[in-house]
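Hi,

Here is the structure I said I would pass on. Have a look at it first, and my notes follow below.

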Amino acid sequence: MFGVVFPNRSFPIDISTFNQIDTFHWVLDMNTFVGEAYDSIREVCIFLLNSFTLPADKALAVYIQSPGSPFVFVGAVTLSRPSAVLSLPWPEAPAGLTLTAPDAAPLSAKIGVSVEDIGTLPSLDVAAEQKIQRLAMKVGENLFNFMQSFCGVDGSKLVVPMDILDRWFKKFQERSKRDPEYLKGFAL
């Protein structure tokens, strides 16, 4: 049905390594591979196998769970997107939480995969959306800092020159042409 690879960390892992919960849900216990160092695994590549036909309106959704935290959606694959490299932003365990009794086996991080309707998923590539959000925030911060250096105050209002956006954009374009590394500083 599907397989996964942890880039630079594993060979392809097939579905038989996952614990099948029911017909449409599988869970991989990260202790199997890395013990408590699960958060050092930053990416997973998930792919559909050629012999498996996923219905056109379904997706294989991927979730991650840190010990003591709920599952968090990280992305999905579909027939039209049969593989994907997904970032794994592991949620932090709640502070001060005692996860297990002293004599019990420790809880571990998990990767969950489930067959779901495409329409119910927020976005197939969460990491790409997060990168776009970070990029927009950095560009906005750059604009704000530029405008702040030209601002005046009139009562409770900020006053900026009318051509401030044009000046900022021209400076932004000139700097990116002069220094190709400049724009790379905006990406995370």
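A definition to start: I call it a salt bridge when a side-chain nitrogen of Lys or Arg lies within 4 Å of a carboxyl oxygen of Asp or Glu. Before the results, some housekeeping. This is a predicted model, so local features need pLDDT of at least 70 and side-chain atom pairs count only at pLDDT 80 or more, while totals for chains, interfaces and linings use all residues. Residues are numbered from 1 along each chain as its sequence is written, and side-chain values use heavy atoms, with hydrogens and water left out.

On to the charged pairs. The structure has two salt bridges. In one of them, Arg167 pairs with Asp163, with 3.2 Å between the closest N and O atoms. The other joins the side chains of Lys58 and Asp117 at 2.4 Å, N to O. That pair ties together distant parts of the chain, since Lys58 sits in strand β6 (residues 58–65) and Asp117 in strand β9 (residues 110–117), 59 residues apart. Strands (E, at least two residues) and helices (H or I, at least four) are DSSP runs, numbered from the N terminus.

For burial, I use under 20% relative accessible area for buried, over 50% for exposed and partly exposed in between (1.4 Å probe, protein chains only). Lys58 comes out partly exposed at 24%, and Asp117 is partly exposed too, at 33%.

Next, helix α3 (residues 164–178). Ile164, Trp168 and Phe172 are buried in α3. They cover an arc of only 65° around the axis, so they lie on the same side of α3; the arc is taken from the directions from the helix axis to the C-beta atoms. Asp166, Lys170, Lys177 and Arg178 are exposed on the other side of α3.

Last, the strands. β6 and β7 pair in the antiparallel sense over five bridges (pairing takes at least two DSSP bridges between two strands). Leu60 has Val77 in β7 as its bridge partner. Five of the six residues of β7 are buried, so β7 is largely enclosed by the rest of the structure.

Cheers
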